[in-house]
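Grab a pencil and work through these exercises one at a time. Try each task yourself before you read its solution.

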Amino acid sequence: MTNSMGKASPQNTSDHVTNRTILDHFMFRPSVDVQGISMNDETVLLNLSTGCYYTLNRLGSVIWEHCTGRTTVKDIHAVLCDRFEVAPEQALDDLLALISQLVQEGLLQQECPPGLLNPPSETNDDRDDRA
């Protein structure tokens with residue numbers, strides 16, 4: 001089976017993502033060295049820093065089109081469920097697998113709202129007050 005980039009799909013997408021609920025807050029945007037062009041139902045991506053190019057199928061093109069840095073994974077998932085006749089679980093698996101692959105290839109960059117992964121740290125004064 002091939003995925004949205006025309007490569008063999010991983011057998012288990014859960015290896016790529018350990019906590020799916022937190023991804024509802026993540027947004028992705030193209031890396032600065034990536035140019036893309038859409039034709040018909042496909043998108044061709046060129047990584048200017050490596051010279052490698054990639055072709056995305058219709059599903060991959062829809063995902064790429066929504067990776068603007070302003071749309072969450074949850075919102076992209078809703079678009080996929082609306083546009084394609086696919087079970088929500090399968091749409092989420094395909095979405096997470098492609099995003100993971102695009103990040104690994106250096107085509108997408110992950111963005112996270114401020115404070116989501118960096119909770120306020122304790123100061124020395126806070127620790128002294130508990131002693």
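**Exercise 1.** Is Glu111 buried, partly exposed or exposed, and which residue is its salt-bridge partner?

*Solution.* Keep in mind that you're looking at a predicted model.
- Step 1: look up the relative accessible area of Glu111, which is 24%.
- Step 2: compare that with the cut-offs: under 20% is buried and over 50% is exposed. Glu111 therefore counts as partly exposed.
- Step 3: find the partner. Glu111 forms a salt bridge with Arg29, and their closest N and O atoms are 2.2 Å apart.
- Step 4: Arg29 sits in strand β1 (residues 27–30) and Glu111 in strand β5 (residues 108–111), so the pair links parts of the chain that are 82 residues apart.

**Exercise 2.** Describe how helices α1 and α3 pack.

*Solution.* 
- Step 1: you need two numbers, because packed helices are described by the angle between their axes and the distance between the axes.
- Step 2: for α1 (residues 58–66) and α3 (residues 88–104), the angle is about 70° and the axes are 11 Å apart.
- Step 3: angles of 65 to 115 degrees count as roughly perpendicular, and α1 and α3 therefore get that label.
- Step 4: name the residues that make the contact. From α1 they are Leu59, Gly60, Ile63 and Trp64; from α3 they are Asp94, Leu95, Leu98, Ile99 and Leu102.

**Exercise 3.** Is Leu80 buried or exposed, and which residues does Leu80 touch?

*Solution.* 
- Step 1: find Leu80 in helix α2 (residues 73–83).
- Step 2: its relative accessible area is 1%, so Leu80 is buried.
- Step 3: leave out residues up to four places away in sequence, and Leu80 touches Leu59, Val62, Ile63, Val86, Ala91 and Leu95.
- Step 4: pick out Ala91. Leu80 and Ala91 are eleven residues apart in sequence, with their C-alpha atoms 6.5 Å apart in space.

**Exercise 4.** What is the phi of Asn40, and where does Asn40 lie?

*Solution.* 
- Step 1: Asn40 has a positive phi of about 55°, although this residue isn't a glycine.
- Step 2: look in the loop between β2 (34–39) and β3, and there's Asn40.
- Step 3: the relative accessibility of Asn40 is 83%, so Asn40 counts as exposed.

**Exercise 5.** Which residues form a nonpolar patch on the surface? Then zoom out to the whole protein.

*Solution.* 
- Step 1: the patch consists of Leu46, Leu48 and Tyr53, which together have about 330 Å² of accessible area.
- Step 2: Leu48 is in the loop between β3 (42–47) and β4 (53–56).
- Step 3: now the overall fold. The protein has four helices and five strands, in the order β-β-β-β-α-α-α-β-α from the N terminus on.
- Step 4: finish with burial: 34% of the 131 residues count as buried.

Definitions and conventions
Residues numbered from 1 in each chain as written. Predicted model: local features only at pLDDT ≥ 70, side-chain atom pairs only at ≥ 80, totals over all residues. Heavy atoms only, no water. Patch = residues over 30% accessible without salt bridge, like charges linked within 9 Å, V, L, I, M, F, W, Y side chains within 5 Å. Areas by Shrake-Rupley, 256 points an atom, 1.4 Å probe, with all protein chains shown as cover. Salt bridge = Lys/Arg side-chain N within 4 Å of Asp/Glu carboxyl O. Helix = DSSP H or I, 4+ residues; strand = E, 2+ residues; numbered from the N terminus. Buried < 20%, exposed > 50% of the residue type's maximum accessible area, 1.4 Å probe, protein only. Contact = heavy atoms within 4.5 Å. Axes fitted to C-alpha atoms, helices over the stretch in contact; angles between N-to-C directions. Parallel < 35°, antiparallel > 145°, perpendicular 65-115°, else oblique.
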